[in-house]
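Here is a structure to explore by question and answer. Take a look before reading on.

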Amino acid sequence: MTDAANDIDSLSFEEALKQLETIVRELEQGNVPLERSIEMYERGDVLRKHCDTLLKSAEAKVEKIQLGQNGEPSGSETLDPQ
């Protein structure tokens, strides 16, 4: 794995998303040289995959709160993502 990929693996979701937004904004402006655009696109793709992995992991941890007959929380169960 490259240093850039290792760098991305250590980013939080928020940090990775912020970097991805910056890359998209710069590429949309259209004033980046072709070689740099390709590098930025590749990094953006890895950032997107990292964000997707972190998001799926967070979704798997979400729990539904179960309410008892009196309306008070009585426990939780794993969220069924489907």
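The questions below go from the overall fold to one helix and then to the salt bridges. This is a predicted model, in which local features need pLDDT of at least 70, side-chain atom pairs count only at pLDDT 80 or more, and totals for chains, interfaces and linings use all residues. Residues are numbered from 1 along each chain as its sequence is written, and side-chain values use heavy atoms, with hydrogens and water left out.

Q: In what order do the elements of the protein run from the N terminus on?
A: Helices (H or I, at least four residues) and strands (E, at least two) are DSSP runs, numbered from the N terminus. The protein has three helices and two strands. Their order is α-α-α-β-β.

Q: What percentage of the residues of the protein count as buried?
A: Buried means under 20% relative accessible area, exposed means over 50%, and partly exposed lies in between (1.4 Å probe, protein chains only). The protein has 82 residues. The buried share is 15%.

Q: Among contacts between residues at least 6 apart in sequence, what percentage join residues at least 24 apart?
A: A contact means heavy atoms within 4.5 Å. Of the contacts between residues at least 6 apart, the share joining residues at least 24 apart is 41%.

Q: How many Å does helix 2 reach from its first C-alpha to its last?
A: Helix 2 covers residues 13-29, which makes 17 residues. The expected span is 1.5 Å times one less than the number of residues. For helix 2 that expectation is 24 Å, and the model comes close to it, at 24 Å.

Q: Which residues of helix 2 are buried?
A: Look at one side of the helix. The buried residues are Ala-16, Leu-20 and Ile-23. They share a side of helix 2 because they cover an arc of only 60° around the axis, taken from the directions from the helix axis to the C-beta atoms.

Q: Which residue follows helix 2?
A: Its phi is positive, near 75°. The residue is Gly-30.

Q: How many salt bridges does a search of the whole structure find?
A: A salt bridge is a side-chain nitrogen of Lys or Arg within 4 Å of a carboxyl oxygen of Asp or Glu. Asp-45, Arg-48 and Lys-49 are linked in a network of them. The whole structure holds five.

Q: Which residue forms a salt bridge with Asp-7?
A: The closest N and O atoms are 2.9 Å apart. The pair links distant parts of the chain, helix 1 (residues 3-9) and helix 3 (residues 34-61), 36 residues apart. Asp-7 is partly exposed at 35%. Its partner, partly exposed at 22%, is Arg-43.

Q: Which residue meets Arg-36 in a salt bridge?
A: Both residues lie in helix 3, three residues apart, about one turn of the helix. An α-helix has 3.6 residues a turn, so residues three or four places apart point the same way. The N to O distance is 3.5 Å. The partner is Glu-39.

Q: Is Lys-56 buried or exposed?
A: Lys-56 meets Asp-52 in a salt bridge of 3.3 Å, N to O. The two are four residues apart in helix 3, about one helical turn. Asp-52 is partly exposed at 32%. Lys-56, with a relative accessible area of 51%, is exposed.
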